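Have it open while you read.

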Protein chains: 2
Amino acid sequence: MQSKIKYRKKRTPKIAKQASDSLKIIPLGGLEEIGRNMTLFEYQDQIFIIDMGLQFPDEDMPGIDFIIPNIEYLLRHPEKKLLGIIITHAHYDHIGAIPYLIDKLNYPPIYTAPLSRGIILKRQEDFPDLKKLNIQEINAGQNITLGPFKIVPFHLNHNIPDTLGLAINSPAGLIIYATDFKFDLQPIADKPADLSRIIDLASPGVTLLLADSTGAENPGHSISEKTIMDNLDPVFREAQGRIILSTFASLISRIQQAIWLSEKYNRKVIIEGYAMKTNIAIAEKLKYLSIKKETIVNWQEANRLEPNKLTVLCTGAQGEPEAVLMKIVNREHKYLRIQKNDVVIFSSSVVPGNELAVQNLKDNLAKQGAKIYHYKMLDIHASGHGYQEDLKTMINLVKPKFFMPIHGHYSMLKTHGELAESVGISTKNIVTATNGQIIELGKNKIIATQKFVPTNYVMVDGLGVGDVKEVVLRARQTLAKDGIFIIVALVDRKTGLLHNDPQIISQGFVYMKESRDLINQTKKLIKEIVSSSTRGQTFNEGYIRNNLRNKIGLFLFKKTQRRPMILPIVIEI
Amino acid sequence: MQSKIKYRKKRTPKIAKQASDSLKIIPLGGLEEIGRNMTLFEYQDQIFIIDMGLQFPDEDMPGIDFIIPNIEYLLRHPEKKLLGIIITHAHYDHIGAIPYLIDKLNYPPIYTAPLSRGIILKRQEDFPDLKKLNIQEINAGQNITLGPFKIVPFHLNHNIPDTLGLAINSPAGLIIYATDFKFDLQPIADKPADLSRIIDLASPGVTLLLADSTGAENPGHSISEKTIMDNLDPVFREAQGRIILSTFASLISRIQQAIWLSEKYNRKVIIEGYAMKTNIAIAEKLKYLSIKKETIVNWQEANRLEPNKLTVLCTGAQGEPEAVLMKIVNREHKYLRIQKNDVVIFSSSVVPGNELAVQNLKDNLAKQGAKIYHYKMLDIHASGHGYQEDLKTMINLVKPKFFMPIHGHYSMLKTHGELAESVGISTKNIVTATNGQIIELGKNKIIATQKFVPTNYVMVDGLGVGDVKEVVLRARQTLAKDGIFIIVALVDRKTGLLHNDPQIISQGFVYMKESRDLINQTKKLIKEIVSSSTRGQTFNEGYIRNNLRNKIGLFLFKKTQRRPMILPIVIEI
C-alpha cells in the first residue's frame, strides 16, 4: 500500500525538518486559482494526497496547454512515505495532472469512486509510455486506512456524479474535506444531498473543515438540476427543428436530462465529440446514465429523420476552436450544417477568458439562422458549486472548530472566510492560506506558518513539461505584441564596413510591402551604426549588436510607437 | 455647413451608383460588435453620419490598440456631399475614431450636446497635428436641418449625461434613432426618462426605429441609478477605513453618487487617474456635476485625515495595467498603499475579455487586506443599456412600421428582432443587417439589399492606422503561441557545404539553456539538409531555405509538439 517517493535530484532542502508532532496540511495548488487542486496531509513523514489537478493557462501565457502542480517538495524528500492519492471526483482540475506526475511519484495507489476510476483509466490511454495505474475503488460509507489516517468518504452533489467528500480521522482530530460541492435536493441522475449523513459524520466534533470556495461570491442558493430540467422542457417541447445541445462533456446529469427530454418528445440522439462520447460510454457502462437502447442513432439513421425528431449532444460550448460546435459553424462538420429552425442550447456557463470566443460562436450560429438559448437568457445551467447560503449551511452542519477555505481565487477564499465568520466561526480560527503555505494543525490549534514549499508554475506545452520558463513566456508576450525585427549584417573584417546591404526580416511588426520607406531609412541607419561602431578598427561583434539593438529599437519606436523584438545578427566575413 | 469629401485614391467603385430615390442607411460598424458605431444616412448623394466610434480589439489581435470604422466608401465617392456628423454621446465607442477620420473627411461640421463637445475637444488635444474641429452645440428639443434631413434630438438616459436620441424627418418618412439607452425613472445627476416626449415625437407615425441592442439578451428591466445609490449608502456608512471606488471615467452619475455619499458621511474626496480627472473637470465646469467646494482635496490634505474621512475615486476597475488601481496594488502609487479596513468598490461591470485581469486585481487587493465589493455580490453597478422589457417599451412607445436593431453583437440584434416580433412588429418588417449592408428605405418599404460597402477592420497600432494587415496579425499569433526558431547558415559557394556550425537563435520556443541536446541534434540535421540540398553543385538558396524550413519544422514538432515559426537565413560566402 505504501510507495517510496522516487529520488530525483540532490538539493539542499529549503524546508526545515518537521519539529512538532502536529499534522501538516500543504496545499500545492487551488488556493489562488480555479484549478491545480492538490493538497498534502503529512504526519510524521507520512503523506497522503487529495487530488492531482491541472489548471488552464491565463491569457498572458500564450502557447501553454496547461499548468500542473509543482511537486518539488515531494521529490526533495525521498525519506517521506507516500501513502496514496485520494481523488474526490473526475474533473480535470482534480485528476488532470495524474499522467504528468504519477511516474515521478513512482505510482502510489490511487483511491477513488467507480466513475472517476473509469475516466482516469480512459485518459491514461493517451499516455502509452506510462505504467499501469494502481487504482482502488472506494465508495461513500466505506473506510480506508492510510497509515495514521482513517478516512470515510461521503456523498456530495456536484456537476459530475460520484463526488466524494472526506471525513479524515487524523492524529490532530477529525477533518472534513468538502471538495467542490453544492446541495441539490432534486438532482438529476444522482442522489440528493444527505444533510443528516454529514451531521452524523461530524458528530464526534470536527477540528477542521476545508471547503470549496468557488461559489463564495454568489449570493443566495445555487439552482437545482431539477429547475434546469423544468426550463429545458418547453424548449424541447416547442422546438420545430433539430436541437443541438452543447455542454461540458463531464456534465453527466445534464446529458441525462437531454436524453430523457429527447425520449419524452420522441427525438433520437446523436452524440458528437470525442470527450462527450467517451464520458457517456463510461457513465452508461457504470450505470450512471440510463439511455433507452433505441435512443442513440448514427448519422445514417439521423439523416432519415425529420429535423424535429433529432437532438445532437455535443461539446464546444466554450468556443473551443477544435470542438464540434465550432466545426458546425465553420461548415467543417461532416454531416451537420445549421438550417432554419435549428435550436442551439448552450447549457453551460462561460469559463472566464472564453467570453469573446463564445460570443463569436453565438453570432455565427445566429447568422446561419439558429435560434439560440444560453444561460443568461434562461436558467438552463446550474453551477456545480454551492452559493453563499449553501456554504453557510455546510459550515453550520459541520460546526468545525477551525475553518480553512479552499478551491478558488484568493478573493473567493477571503469572502468564504467572511461567510464563516458570519455564521459564528471565530476570526482567529479561520485560516485563509495561499498555495504552498504549511498549515500546522493540532487538536486545539491551527498555525498558518510562514514556511512555504515551492509552488511556482510547472507549464505543459506540447511534449514539454516545465521547460517553458518565465523568459520564454516573456519572449512570447513581446513577440505577440509587436513582432520581431531581424537585422542580418555581414561585416567585412578588414574594413569594418558592411559587406553589402543589410538584410531585414520582419514578422508581426509592420506590413513590409507597404513600409518600404521605413525599411530603407532603417537600412541607411544600420549602415551608419555599423561604420561608426567599427571606427578605429576596434571590431567587436557584441558592441555592434548592442548598438544596433538600442539605436534601431529607438528609431523604430519613434517612427511607429511599437517595440518589436530587435534581433541583430552580425557576421564577420 | 457642407463639406466636400476629400478625394483620396482613384479606384473603380464597386458599389453601383444609386438607382432609386430611396434613402440609404449604411452601418459602417456596430452591428457585429460592441463598438465602432458609425452609420451613414444617404439621400441623393447627400450624406450625414451618426457617431464615429472605436472598438477595442479581440484577444486574437495582439498589439492592436483599437479598431476604427472603414471609410473607404466615403473616400471612393468624392462626388457625394458630407452634410455633417451627429454625435449621440461621448463614449469612446461613439466618438473615439474622430481624431483618426476627421482629417480624411476634410473636417465636416460635428453636432453634439455640450458635455460630449467638451469631451471631444479635450481628447483632440492629444492630436496636436490636426486642425481645429468645427463643433456646433445642439440640445434636446432644438431642430437642425442638414440638406433634406430635419433632425430633432431628444433626451435619453444612458450612463453618461447628454445622451441624445434623434427624430429624423427624412424624404422616406420619420426615423427614430435610439442610440445606447435605458429608461431610468430615478436617475442620478440626469433628467428622468420622458416617455411622453418620445410618444409625442413619434405621433406623426414612424417609418423606422433603429434601437440599441446591447441589453437584448438580459431579461427584465435594467436597474435604476437610484437603486445603486441606495446600495452604496450602507457601504459608505459602515466603512471603517478609506473607500477606494473605481468606475468608468465617463460614468458621471456614479461619480456624482460617490461624491454625494462622501459628503453625506463627512469624507473628503481624492480624484485619481487622468481620464477621471479630465472628465470630472469638464462635467463640473458644464454643471453636470455638483461638488461642494471643500470636498475635493489633494494628497497633502488627505494624508492628514483619518482613514474613514477619505474617499478615493479612481480608474482601473477593468484591471487595466496602467490605471490607478493596478498601480496601488503593485505598490507603485506615489501616496496610496492598501491598509487594513480599506474598502475597495468595483462599481462597474467587467468588459468581456477583462475577466481574468479583474480577478487577478481583486485577489491582490484581498491579499493586501482590502475588503472588496463588486457588482456580482451587490447591485452596485447598473448597465447603461435597457434590458428586454425596456427595449419592448421603446418599440411600444414609438410604434414603428419597420424595425432595425443596431449596436451589439449579431446574436443580440437577432434577439432584439425577436423581442420586436413579440410586441407586434411583423417579421417581414424587421431588418437584422450586418456591417456595411446597404438598407434602402422608402415610406412603405424597407429592403436589406445584398450590396455591401467595405467594412474590413482598420486597426490602429501605435502610430500606424490600417497598416497592420491580416498577415501581420497571423505572424503575431504564431509567434505568441510557439515563438520563433532562426537558423543562420553560411554556405560556402564553392563546396556547397556549411562554412562553420550553423547559428541558432530561438525566442519564445524552448528554454535554450536546458535544451542543449535538442539544439545539437538540430544543428546536426541542418548540416545534413544543407549538404544534401547542395549535392551536385546545384546551389539554390531558396531551395535550401525551403528544405530547412520544412524538415526542421517537422523535426522540432516531432520532438516538442510545438510549431515555432522557422526562419532560415542562408548566406552564401
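1. Start with charge pairs between the chains. Across the interface of chain B and chain A, the rule finds 12 salt bridges. Keep in mind that this is a predicted model. Over all chains, the structure holds 57 salt bridges.

2. Two of the pairs are worth a look. In one, the side chains of B:R562 and A:D461 meet in a salt bridge, at 3.2 Å from N to O. In another, A:E32 pairs with B:K367, with the closest N and O atoms 2.5 Å apart. A:E32 sits in the loop between β2 (23-29) and β3 (38-43) of chain A, while B:K367 belongs to helix α11 of chain B, so this pair joins two chains. As background, side chains of opposite charge can pair when their charged atoms come close.

3. How many residue pairs are in polar contact between chain B and chain A? The count is 30, taking pairs with both residues at pLDDT 80 or more. The biggest giver is α14(B), with 8 residues. By class, the side of chain B that touches chain A divides into 29 nonpolar, 17 polar and 22 charged residues.

4. Now the overall extent of the interface. Here 68 residues of chain B are in contact with 69 residues of chain A. The area buried between the two chains is about 5600 Å², and carbon and sulfur atoms give 60% of that.

5. One helix pair spans the two chains. The axes of α11 (residues 355-367) of chain A and α13(B) come within 7 Å and cross at roughly 50°, and the two helices are therefore oblique to each other. From α11(A), the residues involved are A:Q359, A:K362, A:D363, A:A366 and A:K367; they meet B:Y410, B:S411, B:M412 and B:K414 of α13(B). This contact has 3 nonpolar, 2 polar and 4 charged residues.

6. B:L195, B:I198, B:I199 and B:A202 make the contact from α5(B), and B:M394, B:L397 and B:V398 from α12(B). What classes do these residues fall into? They divide into 7 nonpolar, no polar and no charged.

Conventions
Residues numbered from 1 in each chain as written. Chains lettered and ligands numbered in written order. Predicted model: local features only at pLDDT ≥ 70, side-chain atom pairs only at ≥ 80, totals over all residues. Heavy atoms only, no water. Contact = heavy atoms within 4.5 Å. Helix = DSSP H or I, 4+ residues; strand = E, 2+ residues; numbered from the N terminus. Nonpolar A, V, L, I, M, F, W, Y, C, P; charged D, E, K, R; others polar. Buried area = accessible area lost by both parts, 1.4 Å probe. Salt bridge = Lys/Arg side-chain N within 4 Å of Asp/Glu carboxyl O. Polar contact = N/O pair within 3.5 Å; in protein donor to acceptor, adjacent residues only side chain to side chain. Axes fitted to C-alpha atoms, helices over the stretch in contact; angles between N-to-C directions. Parallel < 35°, antiparallel > 145°, perpendicular 65-115°, else oblique.
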